Amino acid sequence: MMNPWQKKIAPLTLALLAPALAALTARAESGVQAVLSQDSVSLGGSATLQVTVRGNSLGEQLAVPQVDGLQFEQAGVARSSNLSASFGGGAGGSMTRENIVQVSFRVVPQREGAFTIPPFKCEIDGKTFATQPLTLKALKVTGVTSSGGLSAAPAASTSLPAAEKNDAVFSRLTGVPEKMYAGQVVAATMQLFVNRAANLSIKLNGAPTLQGGDAFAVAAKSGNIAQREETVNGVPYTVAYLTLTLTALKDGDFELSAQWPLMVVTVKDQPAPGVPESFLNNPFFRGMFRQQVEEPLALGGDKQAVKILPLPADGQPASYGGAIGEFTVSVAAEPAEVRVGDPLTLRMEVRGSGNFDRVGAPVFNGSDGWKTYPASARFDAADTLGLEGAKVFSQALIPQNDQIKTLPAVEFSYFDPLTVKYVTLQPKLPPVAVLPAEPNAAMVRHAAPDAASPDHGPATKNPPLAPLRLEEGTVRADLRPVTRAAWFWAANSGSLLLGLAGFFLLRRYRQTLDADYQSRQRTDRNVALALQALDSALANEDSAAFAEAASRALRERLAGVWGLRAESITTADVRHRLDADGEPALALFEAADAVTYAGRRLSRDEMFNFKQRVVAQLNQLGAAS
Amino acid sequence: MKIKLCQGGLLVILSLSAAVSLSAARPSASDFDAANQACAVQKYDEAIRLYEHLLQNGSLSASVYYNLGNAYYLHGEVGKAVLGYQRALLLEPNAADVAANLAALRQAQGLPEPAVAWWQRPLLVFGRDTWAWLGGAALLLAMLAVFLRGAWLNFGDAEKCPHRWFHGAVTVSGLALALSIGGALAQGERADRQVVMTNDAPLKVSPFADAGDLASLREGELVKPLKRHNDFVFVKNTAGQKGWVAREKLAPVVL
C-alpha cells in the first residue's frame with residue numbers, strides 16, 4: 001500500500017528512471033506493417049512506402065527487398081518510444097515500454113507493368129515478423145483525345161488500352177458539333193485531364209492550339225487557361241481548360257484536334273550538373289541535388305471530325321445578311337411625333353445568340369417617303385465569348401412629306417442551324433405621327449448647284465444653302481481666344497492692382513476715422529469721471545474738491561477739442577485760445593481758481609448753480625468738437 | 001487729383017483698345033474674291049485651296065471660315081464643312097447664315113444637334129472674346145471705382161464723397177463680371193468641342209487599336225474631349241456615349 005506522498009512522487013520517479021527500468025518492463029505489442037500511398041503510379045512519378053516497426057527490443061536493421069523494375073530510396077527514418085505504467089492491487093503495478101521505428105521509402109518504377117513488393121522482414125524481441133506483400137502498378141504516361149465521353153473508342157496508334165485510358169493524362173475537345181454551317185460560330189472548350197493520384201509533374205510549354213487546317217477562325221476570348229477539379233468515373237482529376245470560339249469559314253470535311261505542348265519533369269537518381277556525387281549519399285541533400293529532366297509529352301492523337309456545310313440557297317430571303325443562330329428583334333422610335341424634314345431615330349435591337357459579328361441592321365421593306373441614313377451599331381455582349389447579347393442599331397430617318405402614316409416596315413432574317421431553316425422576323429412598329437414642316441428660315445435663299453462640275457465631290461444631294469459672303473469682314477491672325485493671351489491677363493492684373501490700391505486707401509481712411517473716434521471716447525469718459533467727482537463734492541459741500549472737479553471737467557473737454565493733454569491746459573491757454581464765445585468758459589475757470597487758490601468757500605446753492613453752468617459749457621464745447 | 005486719376009483710367013482703356021487693333025492683320029481682299037469666284041463656278045477644289053491659303057497667311061475671319069465650310073460641303077466633305085462652320089460661329093456667334101447652313105447640313109446628313117442647356121442660350125449671344133472683353137472692362141470699372149472712392153476720402157472732401165455712385169458702379173460691374181465669366185465658360189465649352197472627320201469612326205472601349213467597338217461616330221458629329229491617352233481621345237458624343245477615338249479621326253475647333 002502506497003501512502004499519499006508515495007502516490008505523488010511515483011510518476012515523477014518513473015519518468016526519470018524510465019531508461020533504467022526499460023529492462024524491467026513487461027511485454028509490448030510487437031509487429032511490422034507496410035503501407036503504400038497509392039496502388040498505381042505513372043512512369044516518371046513515384047509512390048511512398050512507409051514501414052512501421054513496433055516492439056520492445058528491435059533487432060538488426062530492416063531488410064529492404066529487391067524487386068526487378070522498382071527502385072527503393074530511403075526518404076527518412078523516425079524513431080519514438082512510449083512508456084506506460086499501471087498501478088493496481090497488491091501486486092505493485094507494471095510498466096510497458098514500446099519502441100516505434102518508421103522508415104519511409106520512395107518507390108520509383110523503372111518500367112511499365114505490375115509489380116509485387118515482397119514482405120519486409122524484421123526481428124523483434126527475438127522473433128521474426130514480416131509484412132504482407134504489396135502490389136504497385138506502373139503506368140506508361142501518354143494521352144488520347146476524345147470528343148465525347150471517356151468511353152469513346154480509342155483511335156489511332158497513340159491511344160491507350162481502354163482500361164487505362166483515363167488513368168494518366170488525356171485531353172478533350174467539347175462543344176464542337178459534328179455538323180456546322182459556313183459562318184456559324186460555336187463555343188468550344190479544350191480540356192486537359194491530369195490524374196491527381198499519378199503524382200505527375202507536368203509543365204505547359206506554350207499555349208495550347210487547335211489544329212484544324214484553315215477551315216476555322218479560332219479566337220480565345222476568355223484569355224488565360226483556367227483550372228478546376230473534377231471526378232470522372234470515381235477518379236479525381238485536375239482539369240486545365242481554355243474556352244474559345246470557332247467560326248466555320250468554308251464548307252467541306254475537316255478534322256479538329258487539340259494540341260497541348262506538355263513537358264514531363266522526371267527526377268533522375270543522379271546528381272544535377274555541377275553537383276558532387278557524394279551529395280546523393282546524404283539523405284538530406286539527396287532530394288535537393290538530383291537531376292531533373294524535362295521530356296516532351298505528346299498528346300492529341302485523336303481527331304474530331306466536323307462537316308461544314310454551305311448555307312442552303314433555297315429559301316434564302318432577300319433580307320438575309322449572314323446571321324446564324326437564334327434571334328429576336330424589337331423596334332422603337334424617338335420622337336413619336338416628327339415634322340417633315342426633321343430627323344427621327346429608329347432603334348432596332350437584335351437580341352439572341354449567334355454570330356453577332358455578321359448580324360447586320362434589319363432592312364427596310366420599302367421606305368417610300370422616308371430618307372434613310374446608314375445605321376450605327378453597338379453590341380452589348382451577355383457572355384464573355386460574345387455569342388449572346390443584343391446588337392442595337394440606331395438609324396436616322398427623315399420624313400419627306402406629311403402624308404406618311406407609319407414607319408417603313410423593317411425585316412430581319414437569320415439562319416437557324418438547329419431547324420436548318422431561314423427565319424424572317426417582321427417586328428411590330430411603333431406608331432409615329434408626321435406633321436407638316438415649319439416654314440423654312442428666311443436665310444436659306446440660295447440653292448446649291450447640282451453635282452455636275454468635274455471637280456465636284458461625291459454626288460450627295462445637298463440642301464439649299466445660304467449664299468457665300470462677299471465681304472471678308474473683321475480679320476484676325478489667330479483663332480485662339482483673347483483669354484489665352486498674356487497681355488490680357490497682364491491688363492486685368494493692372495485692374496486688380498488699381499483695386500488693391502483703392503482698398504488700401506479705404507482702409508487708411510477708416511483707420512483715421514477710428515483714431516478720432518477713440519479720442520472722443522476717451523474725452524467723454526474723463527469728463528464723466530470729473531462730473532462724478534463734482535457731484536460727490538457737491539454732496540459733501542466740499543468747495544475745494546468741487547472747484548477742482550469742475551476745472552478738470554472743463555480741461556478734459558478742451559483737451560479733446562484742441563488735441564492736447566488736459567494737465568497741460570492752463571487758464572492762460574483758455575484765455576488765449578478761446579475767442580469771445582469762450583467767455584463763459586473762461587469765467588468758470590477763473591471762479592474755480594478763486595476757490596482753489598484764494599480759499600473762497602461756496603454755498604450749496606452756489607455750487608449747484610456752478611455745476612449747471614459747467615454742464616452747459618461742456619455740452620456746448622462737445623457739440624463744437 | 002481726381003483729374004489725374006481719370007486720366008490714368010482712360011490711359012489703361014486706350015492701351016487695351018490699341019492692343020486689340022494691333023492684333024488684327026490686314027485682310028487680302030483679292031484672294032478672298034478669287035476664292036469666291038472659284039466657288040461660284042463650282043471649282044470647289046480651287047476655292048478650298050484659296051480659302052485655306054488665306055487662313056494659312058493669318059487672314060482668319062468668320063467670312064472665310066463660312067465660305068470654306070460651304071465649299072467643303074458642296075465638295076462632299078462633311079467633317080471639314082462642319083469644322084469651318086463651327087470656327088465661323090466661334091468668331092461670329094450670332095451669324096444667322098452660318099447657323100442656317102450648319103443646321104441644313106445636319107438635317108441633310110442626319111447628324112444630331114448638340115444640346116444646349118436653357119441657361120446657356122442667352123450666354124451664347126456673344127462670343128468668348130466679347131465676354132472676355134466685357135469681363136475685363138467690368139473688372140477695370142469696379143477696381144477704378146474702389147480706387148477713386150479711396151482717393152476721394154483720403155485726399156478730397158470726405159463729406160462730399162458720392163458714396164452711392166461708387167457703390168452702384170461696383171455692384172453693376174460685379175454683376176457684369178459674373179455674367180462675363182459665365183458667358184466665357186459657356187462659349188469655351190462650345191469651342192473645346194472636336195469634329196469627327198471620318199465616317200464610321202469607331203468609339204472604342206479602351207485606348208488601343210484592337211479594343212472592342214462601343215459604337216461608331218459619323219463624320220461631322222461633334223464630340224466633347226474629356227481626356228487623352230497617347231493617340232486616343234476619350235470623348236462624349238451628343239447622345240451621351242463615352243469612349244475612345246483615335247486622335248487622327250478628330251479635329252479641334254480651336255487648336
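Colleague: Which residue has a positive phi in the turn between E17(A) and E18(A), and how many residues separate the strands?

Modeller: In this predicted model, E17(A) and E18(A) form a hairpin with 2 residues between them. Asn233(A), in the turn, has a positive phi of about 55°.

Colleague: In what sense do those strands pair, and over how many bridges?

Modeller: Strand E17 of chain A, residues 226–232, pairs with strand E18 of chain A, residues 235–248, in the antiparallel sense. The pairing runs over 7 bridges.

Colleague: What is the bridge partner of Thr231(A) in E18(A)?

Modeller: Thr231(A) has Pro236(A) as its bridge partner in E18(A).

Colleague: Now E28(A) and E29(A). How many residues lie between them, and which residue in the turn has a positive phi?

Modeller: These two strands form a hairpin with 6 residues between them. Gly386(A) is the turn residue with a positive phi, at about 75°.

Colleague: And how many bridges join that pair?

Modeller: There are 6 bridges between E28 (residues 376–381) and E29 (residues 388–399) of chain A, and the sense is antiparallel. At Ser376(A), the bridge partner in E29(A) is Ser394(A).

Colleague: Stepping back, how many helices and strands does chain A have?

Modeller: Chain A has 8 helices and 32 strands. Of its 625 residues, 39% count as buried. Its accessible surface comes to about 34,300 Å², with 51% belonging to carbon and sulfur atoms.

Colleague: Within chain A, what share of contacts between residues at least 6 apart joins residues at least 24 apart?

Modeller: For chain A that share is 69%.

Colleague: Let us turn to chain B. How many helices and strands are there?

Modeller: Chain B has 8 helices and 7 strands. Buried residues make up 51% of its 255 residues. The accessible surface of chain B is about 12,100 Å², of which carbon and sulfur atoms hold 61%.

Colleague: And the share of contacts in chain B between residues 24 or more positions apart?

Modeller: In chain B, such residues account for 54% of the contacts with a separation of 6 or more.

Colleague: Where does Ala176(B) lie?

Modeller: Ala176(B) is in helix H8 of chain B, which spans residues 163–191. Ala138(B) is 38 residues from Ala176(B) in sequence, while their C-alpha atoms are 6.0 Å apart in space.

Colleague: Why does Ala176(B) count as partly exposed?

Modeller: Its relative accessible area is 21%. A residue counts as buried under 20% and as exposed over 50%, so Ala176(B) falls in between.

Colleague: Buried or exposed: what about Cys39(B) and Cys161(B)?

Modeller: Cys39(B) counts as buried because its relative accessibility is 5%. Cys161(B) is also buried, since its relative accessible area is 7%.

Colleague: How many salt bridges are found across the interface?

Modeller: The rule finds 3 salt bridges between chain B and chain A. A salt bridge joins the side chains of Glu92(B) and Arg469(A), with an N to O distance of 3.2 Å.

Note on methods:
Residues numbered from 1 in each chain as written. Chains lettered and ligands numbered in written order. Predicted model: local features only at pLDDT ≥ 70, side-chain atom pairs only at ≥ 80, totals over all residues. Heavy atoms only, no water. Pairing = 2+ DSSP bridges. Helix = DSSP H or I, 4+ residues; strand = E, 2+ residues; numbered from the N terminus. Buried < 20%, exposed > 50% of the residue type's maximum accessible area, 1.4 Å probe, protein only. Contact = heavy atoms within 4.5 Å. Areas by Shrake-Rupley, 256 points an atom, 1.4 Å probe, with all protein chains shown as cover. Salt bridge = Lys/Arg side-chain N within 4 Å of Asp/Glu carboxyl O.
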